[in-house]
Amino acid sequence: MDWDIGADVVVVGFGGAGACAALEAAAQGRSVVVLDRFAGGGATALSGGIVYAGGGTAQQRAAGVTDTAAAMFGYLRTEAGDVVPAETLRQFCEGSVTMLGWLEGHGVPFEGSLCPDKTSYPTNRHYLYYSGSEVSARDAAPPAPRGHRTRGRGTSGGLLFARLAAATKKAGIKVVTQTTAVRVIVADGRVTGVECRSLRGAPWWARTAHRVLHRAARKPYLYVPKAGRVLHRPVTWLERRYGRPLLVGAAGGVVIAAGGFGASRQLLRAHAPSARGGLPLATPGDDGSGMLLGTAAGGATALLDRVSVWRFLSPPPALLRGVLVDADGKRICDESRYGAAIGDEIIGRGGRAWLFADRATIAAARRELRGSTLWFQRLQAGYLLTLGRVRADTVAKVAAKADVDPDGLAATVAAYNAGAANQGAGAADPAGKPADLVRPQDQPPYSMIDYSIRPRLLNPAPVLTLGGLVVDHGTGQVLRPDGTAVPGLYAAGRSAVGLCSRSYVSGLSIADCVFSGRRAGRHAAAASPGAGGPDQRHDNGGAYAG
Ligand SMILES: Cc1cc2nc3c(=O)[nH]c(=O)nc-3n(C[C@H](O)[C@H](O)[C@H](O)COP(=O)(O)OP(=O)(O)OC[C@H]3O[C@@H](n4cnc5c(N)ncnc54)[C@H](O)[C@@H]3O)c2cc1C
């Protein structure tokens with residue numbers, strides 16, 4: 001085959017997982033080429049920049065927090081279940097302190113300023129917080145705050161990616177942008193390269209228009225997908241009109257790190273109908289093309305039906321004192337759980353949910369609004385505390401306004417208030433909510449805030465796809481349906497099944513991108529000629545070398 005470009009390791013996708021795979025392969029002394037359909041960054045650059053880490057990181061210690069790898073493992077086991085082997089999860093937890101140090105070594109800043117409240121995302125004053133349901137799961141493992149937000153104003157994923165991109169440049173890694181991988185090339189049973197459509201060689205104005213228009217469409221695509229899709233049409237047209245074939249050879253292996261499939265309405269409809277009514281947290285690159293490159297080469301997929309649907313009650317944190325009920329007026333769960341766990345519970349009850357709160361709770365929430373939110377949270381919470389709620393003087397009337405069963409609601413509120421009153425006598429909340437959040441909701445007027453999952457501009461339910469290509473959890477190699485590896489093919493990040501594929505908590509996707517990206521990069525590098533021959537192991541025992 002006449003390759004246009006070649007390297008030991010070729011990485012498809014320059015987001016978080018791709019950058020980490022490339023850095024790790026380059027650190028092993030291998031030549032690396034990274035391909036990206038756009039300019040790189042993907043969802044990682046638009047994200048909140050939260051990385052889930054623990055076991056006694058420097059930031060946890062600075063904040064006076066005690067944590068161990070065993071406690072982190074104990075908690076994550078309740079979230080991840082057996083989505084990865086216990087040994088892999090243990091390696092992730094035991095290597096967590098070193099992993100954060102590795103990111104810091106590449107310029108990603110973190111800080112041990114502990115957020116005092118349970119929140120969906122801390123403000124610019126705090127960079128360490130409880131980003132999952134750790135306190136709710138306190139019987140399984142000692143809780144600790146493990147959400148490490150990249151230290152930067154606003155949503156700091158842009159800074160996280162910028163630092164990783166600068167590190168790849170420093171490492172001499174070649175990044176080929178405006179180049180879409182369309183097929184994985186297999187010769188003699190082994191993946192040897194990637195066929196692409198590239199704008200390299202296209203007129204300068206077409207390349208500029210592609211770059212500028214994609215950039216302009218990224219955020220609308222995220223917040224108002226219909227408008228984003230319209231804005232993105234000329235970008236796709238330019239790719240069709242001016243894209244030319246490019247063959248990229250890979251002597252050691254190809255790593256697919258091309259994100260998820262949240263931007264493909266077809267794939268979402270086919271695999272994750274429960275995402276209907278949610279707002280896909282996706283960039284145009286999350287069209288599932290990475291996953292399809294892998295399946296065309298023989299790879300299997302799993303957990304495509306697993307999507308994370310977010311319903312955060314806090315900020316403002318006072319709302320956690322309320323009672324979340326379904327259409328029958330029955331309590332749904334501990335209101336302080338992580339937003340994706342709450343989203344799962346709401347979907348399980350037909351997608352309808354309301355938070356019952358009394359006058360004191362609403363007043364406290366209003367007072368907290370400014371100090372506990374960033375602008376996008378303030379917009380959403382402001383809507384919920386005004387147009388998004390109904391109000392009445394009695395429980396029966398407010399139930400009628402929200403179209404919730406009044407008898408069911410009355411029974412739930414009576415039981416909750418009795419439980420709150422008995423707390424002094426040592427009674428625990430039956431749903432497991434921490435005692436400081438259980439307050440009687442008995443001061444009229446009463447409010448019902450609508451947390452149902454349905455399309456709404458100001459209170460959307462974000463959706464993240466979690467499943468992908470099945471990989472060997474020791475090496476990151478893509479596996480066929482019969483469990484054998486596709487030689488030379490690796491996958492990482494949201495293109496693959498990983499640590500967060502059963503259940504997402506904030507920071508676990510990026511942490512998984514770092515963990516799985518580095519693992520794939522390391523093993524693809526080891527499979528390069530001159531590095532000990534192709535890596536055919538898939539023993540789940542590859543030590544995580546931090
Ligand atoms: C608004 C928002 C906030 C979030 N906040 C957090 C958070 O704080 N913490 C957390 O853990 N997770 C968060 N997530 C989720 C997380 O950002 C993503 O799951 C994760 O970054 C995915 O990384 P990735 O490397 O797998 O893919 P991406 O970062 O999306 O990178 C994939 C890259 O592949 C490229 N690509 C796609 N197809 C092709 C192809 N065929 N050929 C060439 N290139 C291709 C794309 O252009 C893209 O640049 C958030 C997501 C969003 C949208």
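Me: Which residue stands opposite Leu 128 in β5?

Reply: As a general idea, strands of a sheet pair through backbone hydrogen bonds, either parallel or antiparallel. In this predicted model, Leu 128 faces His 148 of β5. Strand β4 is joined to β5, residues 147-149, by two bridges, and the two run antiparallel.

Me: What is the order of the strands in this open sheet?

Reply: The three strands are arranged as β3-β5-β4, with antiparallel pairing. At the edges lie β3 (50-52) and β4 (128-129), each of which pairs on one side only.

Me: Which helix packs on the sheet, and which strands does it touch?

Reply: Helix α6, residues 96-105, packs there and touches β3 and β5. The direction of α6 makes about 150° with that of β3.

Me: Let us turn to β20. How many of its residues are buried?

Reply: Buried here means under 20% relative accessible area. By that criterion, seven of the seven residues of β20 (485-491) are buried, and the strand is mostly covered.

Me: In which sense do β9 and β20 pair, parallel or antiparallel?

Reply: Strand β9, residues 244-256, pairs with β20 in the parallel sense over three bridges. Within β20, Leu 489 is the residue opposite Val 254.

Me: What do β19 and β20 form?

Reply: They form a hairpin with five residues between them, and Gly 483 in the turn has a positive phi of about 90°. Strand β19 (477-479) runs antiparallel to β20, with two bridges joining them. Gln 477 has Tyr 490 of β20 as its bridge partner.

Technical notes. Residues are numbered from 1 along each chain as its sequence is written. This is a predicted model: local features need pLDDT of at least 70, side-chain atom pairs count only at pLDDT 80 or more; totals for chains, interfaces and linings use all residues. Side-chain values use heavy atoms; hydrogens and water are left out. Two strands pair if DSSP finds at least two bridges between them. Helices (H or I, at least four residues) and strands (E, at least two) are DSSP runs, numbered from the N terminus. Contact means heavy atoms within 4.5 Å. Axes are lines fitted to C-alpha atoms, for helices over the stretch in contact, and angles run from 0 to 180 degrees between N-to-C directions. Buried means under 20% relative accessible area, exposed over 50%, partly exposed in between (1.4 Å probe, protein chains only).
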